[in-house]
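This briefing describes selected features of one protein structure, grouped by topic. Please keep the sequence and the model in view while reading.

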Amino acid sequence: MDGTRHGGEATRIFADLPELETERLLLRKLRLSDAEAVFAYASDSEVTRYVLWDTHGSIEDSENFLRFANEAYERGDFGGWGLVLKASGAFVGTCGLEAAPEHARAELGYVLSREHWGRGFMPEAVRRVIRYCFERMDLNRVEARCIAENKASSRVMEKAGMSYEGTLRGREYIKGSYKDMKIYSILRREYDQAPRSSKQ
């Protein structure tokens, strides 16, 4: 645990971010060749309605994001996966981590292409990343936030086994207004006590 708390272990793992698998998904590093797939959902105003970043206006925006991600992989300070459907090979979204290793904590973020909403892909991916956080990174807490009116994101966190902790009023200034943010978390002891079937 000490290595993670002081950043060494977390940085080492991020520097060699592994592929993860679920029943239907492959979670892998982002590639520059993913630009068209990223742009397809990142340019969709419905997909970006509740995210902190701006809707991509051109494929160059998506390329810049992917360049940033790959440079961060090289530095060992970015834990972000692309989500690929095993059945078709389609790139459909991302799920990533921002770590605070000194507190043995990480925050989750995710986005999914609209055509794949409502099929349970994101809870499946989030559960797998939570498993990675506790079993590989030896963290104590995984948390995530969403704009309060984003009911779909709240459901993802609940289905992934995270608990609602409260609403932070006026917490974030997003796209021209202050937003209330709901915060969810799961602790290591809760993960350890959960049925094995919920960790897949």
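Trp81 is buried, with a relative accessible area of 1%; buried means under 20% relative accessible area, exposed over 50%, and partly exposed in between (1.4 Å probe, protein chains only). The model is a predicted one, in which local features need pLDDT of at least 70, side-chain atom pairs count only at pLDDT 80 or more, and totals for chains, interfaces and linings use all residues. Residues are numbered from 1 along each chain as its sequence is written, and side-chain values use heavy atoms, with hydrogens and water left out.

**Aromatic pairs**

- A search of the whole structure finds six aromatic pairs. Rings of Phe, Tyr and Trp (its six-membered ring) pair if their centres lie within 6.5 Å; planes under 30 degrees apart count as stacked, over 60 as edge-to-face and the rest as tilted.
- Helices (H or I, at least four residues) and strands (E, at least two) are DSSP runs, numbered from the N terminus.
- Tyr132 is buried, with a relative accessible area of 1%.
- The rings of Phe134 and Tyr191 have their centres 5.1 Å apart and their planes at 35 degrees, so this pair is tilted.
- Distant parts of the chain are again linked: Phe134 is in helix α5 and Tyr191 in helix α7 (residues 188-193), 57 residues apart. Both Phe134 and Tyr191 are buried.
- Phe68, Tyr73 and Phe78 are joined into a cluster by ring pairs.

- Which residues of helix α3 (residues 35-42) are buried? They are Ala35, Val38, Tyr41 and Ala42.
- These residues cover an arc of only 140 degrees around the axis, which puts them on the same side of α3. The arc is that of the directions from the helix axis to the C-beta atoms.
- Glu36 and Ala40, on the other side of α3, are exposed.
- The cover over the buried residues of α3 includes α4 (59-75), β4 (91-100) and β5 (105-112). Contact means heavy atoms within 4.5 Å.
- Two packed helices are described by the angle between their axes and the distance between the axes.
- For α3 and α4, the angle is about 115 degrees and the axes are 8 Å apart. Axes are lines fitted to C-alpha atoms, for helices over the stretch in contact, and angles run from 0 to 180 degrees between N-to-C directions.
- Ala35, Glu36, Val38 and Phe39 in α3 meet Ile59, Ser62, Glu63, Phe65 and Leu66 in α4.

**Helix α6**

- In helix α6 (residues 151-159), the residues Ser153, Ser154, Val156 and Met157 are buried.
- Seen down the axis of α6, the buried residues fall within an arc of 155 degrees, so they line one face of the helix.
- Lys151 and Lys159 are exposed, on the face of α6 turned away from its buried side.
- Among the elements that cover the buried residues of α6 are β5, α5, β6 (141-147) and β8 (177-187).
- After α6 comes Gly161, with a positive phi near 95 degrees.

**Ser163 in strand β7**

- Ser163 is placed in strand β7 (residues 163-174).
- At 34% relative accessibility, Ser163 counts as partly exposed.
- Not counting residues up to four places away in sequence, Ser163 touches Ile183, Tyr184 and Ser185.
- The C-alpha atoms of Ser163 and Ile186 are separated by 6.2 Å, and these residues are 23 apart along the chain.

- Most residues other than glycine have a negative phi.
- Ala104, in the loop between β4 and β5, has a positive phi near 50 degrees. Ala104 is buried, with a relative accessible area of 0%.
- Lys175, in the loop between β7 and β8, has a positive phi near 50 degrees. Lys175 is partly exposed, with a relative accessible area of 42%.
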